[in-house]
Amino acid sequence: MRRFPFLAYLGPGLLYAGAAVGVSHLVQSTRAGAVYGYGLLFVVIFANLIKYPFFVVGTRYTIITGKSLLDGYEALGRLPVWIFFFISIGTMCIIVATVTLVTSGLFSNLLGISLEPWLLCAIILVFCSLLLAIGKFAALDGLMKWIVVLLTVSTIVAMILSFYAAIPKLETVGKTFSISDLGDVAFLIALMGWMPIPIEAAVWQSDWTLAKKTPDGKLPPMKYAMIDFNIGYIGTTLLAVCFLALGANMMYNTGAEFSSQAVSFASELVKLYTTAIGSWSYPIILIAAFFTMFSTTLTCFDAYPRVVSNASRRLFKPLEKIPTEKLYWYWIAIVGVGSILILMFFRTNMKSLVDFATTVSFLNAPVLALIHHLILFGKEIPKEERPKPWMNLLSWFGILFLFGFSIYYINITFL
């Protein structure tokens with residue numbers, strides 16, 4: 001441990017990785033490879049690169065100020081807090097419904113059961129509520145670090161072996177991406193929407209960093225906090241590339257397509273691994289994929305009520321009289337019921353729900369990115385503590401790109 005002192009401070013970055021390696025990786029990255037081959041590889045890397053400043057702010061701001069990123073929002077005025085609040089309540093049920101639907105597909109394959117998608121999702125969310133109520137989230141989080149490692153190693157091995165797998169190719173089947181094709185642009189937006197995770201997750205990262213305080217109230221040194229964050233961020237980026245390569249090598253130009261139903265999709269996803277590695281790996285991959293998605297579901301189901309209750313207390317004075325824990329459970333109930341209603345009455349087609357949720361997140365991203373930039377380079381951060389000039393340029397480039405491409409998408413879709 002003395003040779004590697006940063007190991008003592010690992011935690012928030014791994015939590016971030018556990019939350020990020022979900023729909024954006026298992027579903028969207030793999031679909032990108034299966035449909036377009038390596039045509040969207042640059043997009044995956046590009047999306048992670050331009051969004052880096054908007055996520056790193058969660059760690060940097062908290063280490064420098066000792067406060068939550070929501071305090072940074074509030075320091076800019078009430079409007080940013082209102083924006084965060086409305087974006088969160090507008091998307092939280094959609095996002096939780098989406099990740100739970102993917103989790104339910106893996107769960108159904110794992111146990112071999114067949115239930116209505118909304119009912120299976122309801123069972124999963126009730127179980128998540130029980131875990132959060134009895135305080136077993138911490139124990140699961142410790143287990144999740146090893147589950148994520150298992151899935152990561154399995155994915156890398158499967159990706160490497162997929163280059164040597166004998167998969168019959170049909171050269172006329174593969175699709176080539178076109179920026180003028182509305183369907184292609186729609187998928188591109190959906191792919192980038194949660195790549196690597198919705199931008200509001202920077203607030204979660206901030207709160208996880210605060211949780212690393214020592215008993216005497218000290219936060220990790222900036223050096224080690226950044227190592228922790230970068231391990232998680234770079235690791236999830238590389239893993240997204242691996243999922244894309246796995247989809248490209250095993251499905252592109254084969255004539256095979258992923259199912260739009262969660263149960264069938266989950267089975268097809270796991271079969272990509274078993275075709276490359278061997279049938280013996282099926283239960284191992286299925287268990288690892290399920291727990292990875294379950295962790296994402298549990299994290300989102302816990303994080304959204306926490307940050308929304310925090311924001312609502314800042315905006316509505318009467319809510320200050322309600323105990324923090326009680327308000328949190330009010331929002332848990334709202335998110336849970338809202339997510340199930342979405343699945344019951346609106347969407348059970350997994351691909352359409354995933355694409356809708358990720359597209360909404362992409363269209364929200366420019367506004368949140370601008371707020372995070374103003375915090376990262378704002379008055380609360382001393383000049384000597386601000387990122388290097390290249391980070392400032394990357395941040396502005398990311399903001400301009402997100403605004404510009406969102407306008408382009410809206411224009412070709414609705415105008």
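**Exercise 1: Arginine 31**

The side chain of arginine 31 makes a polar contact, at 3.1 Å, with the side chain of aspartate 355. A polar contact is a pair of N or O atoms within 3.5 Å; within protein, one must be able to donate a hydrogen and the other to accept it, and residues adjacent in sequence count only if both atoms are side-chain atoms.

Before going on, note that this is a predicted model, where local features need pLDDT of at least 70 and side-chain atom pairs pLDDT 80 or more, while totals for chains, interfaces and linings use all residues. Residues are numbered from 1 along each chain as its sequence is written, and side-chain values use heavy atoms, without hydrogens and water.

Task: find which helix holds arginine 31, and say whether arginine 31 is buried or exposed.

Solution: 
- Step 1. Arginine 31 lies in helix α2, residues 23-36 (helices are DSSP runs of H or I, at least four residues, numbered from the N terminus).
- Step 2. Its relative accessible area is 9%, so arginine 31 is buried (under 20%; exposed is over 50%, partly exposed in between, with a 1.4 Å probe and protein chains only).
- Step 3. In α2, 13 of the 14 residues are buried, so this helix is largely enclosed by the rest of the structure.

**Exercise 2: Leucine 239**

Task: locate leucine 239 and list what it touches beyond four places in sequence.

Solution: 
- Step 1. Helix α10, residues 222-251, contains leucine 239.
- Step 2. Leucine 239 touches Val21, His25, Thr152 and Thr155 (contact means heavy atoms within 4.5 Å).

Methods: Helices (H or I, at least four residues) and strands (E, at least two) are DSSP runs, numbered from the N terminus.
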